[in-house]
Amino acid sequence: MQPTVPIDVDEESGIWRTDGLPMVYLPRHFLVNNHLAVEAALGREAYRDILRAATAKSAIEWCEAQVRGKGLDPEATFRHYFQRLSQRGWGQFSIDMLDTVGRRGSISLRNSIFALEAGQQPGQRVCYMFEGFVTGAFSFLLGIADPTAVACEETYCACDGQHDHCRFDFEAKL
Ligand SMILES: [Zn+2]
């Protein structure tokens with residue numbers, strides 16, 4: 001099967017783009033090795049906080065660009081975000097529950113790049129990078145300016161030896 005996400009390569013510059021956004025195509029082990037090196041240097045909790053802020057910012061920018069480019073409404077944009085992540089090889093995200101009135105939801109993830117690289121690690125949850133993806137996209141959906149107002153945790157991980165997928169639960173704290 002070929003990619004289901006559109007990829008345009010600029011003949012002159014060699015830059016890859018999807019939906020007008022410059023992209024980088026790289027080996028999974030390259031991304032995960034860099035990730036693990038920073039985690040080892042900073043400690044998981046410090047790195048997790050930094051990542052959460054940075055990835056939430058990127059998720060919000062991505063969603064805002066989609067609204068401008070495609071005219072999607074906020075919920076369609078939220079769903080499109082996880083569809084595009086899935087199409088780009090991060091893993092297969094499914095939005096299992098989305099309650100915009102109760103301001104909470106649940107997402108499952110199969111074949112997460114981090115879980116696949118980690119193998120079996122009983123008791124571990126290694127996909128915390130995605131927590132900021134979720135807090136950013138959900139704060140965008142709810143129109144909350146500050147993504148730290150959304151809590152998200154990887155509740156369990158496919159690497160833990162107990163589950164065949166990862167799960168993320170999230171909730172706006174306001
Ligand atoms: Zn996981």
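1. Buried residues account for 29% of the 174 residues in the protein chain; buried here requires 20 or more other C-beta atoms within 10 Å of the residue's own, with C-beta atoms placed from the backbone. The model is predicted, and local features need pLDDT of at least 70, side-chain atom pairs count only at pLDDT 80 or more, and totals for chains, interfaces and linings use all residues. Residues are numbered from 1 along each chain as its sequence is written.

2. The radius of gyration of the protein chain is 16 Å, in agreement with the value near 16 Å for a compact globule of 174 residues. It is taken over C-alpha atoms, and the globule rule is 2.2 Å times the number of residues to the power 0.38.

3. The protein chain has five helices and seven strands, in the order β-β-β-α-α-α-β-β-α-α-β-β along the sequence. These are DSSP runs numbered from the N terminus (helices H or I, at least four residues; strands E, at least two).

4. Helix α2 (residues 44-70) and helix α5 (residues 129-142) have axes that come within 7 Å and cross at roughly 40°. Axes are lines fitted to C-alpha atoms over the stretch in contact, with angles from 0 to 180 degrees between N-to-C directions.

5. Residues making the contact (C-beta atoms, placed from the backbone, within 7 Å) include Leu-51, Ile-60 and Cys-63 of α2 and Met-129, Phe-133 and Phe-140 of α5.

Definitions and conventions:
A residue is buried if 20 or more other C-beta atoms lie within 10 Å of its own, exposed if 12 or fewer, and partly exposed in between; C-beta atoms are placed from the backbone. Two residues are in contact if their C-beta atoms, placed from the backbone, lie within 7 Å.
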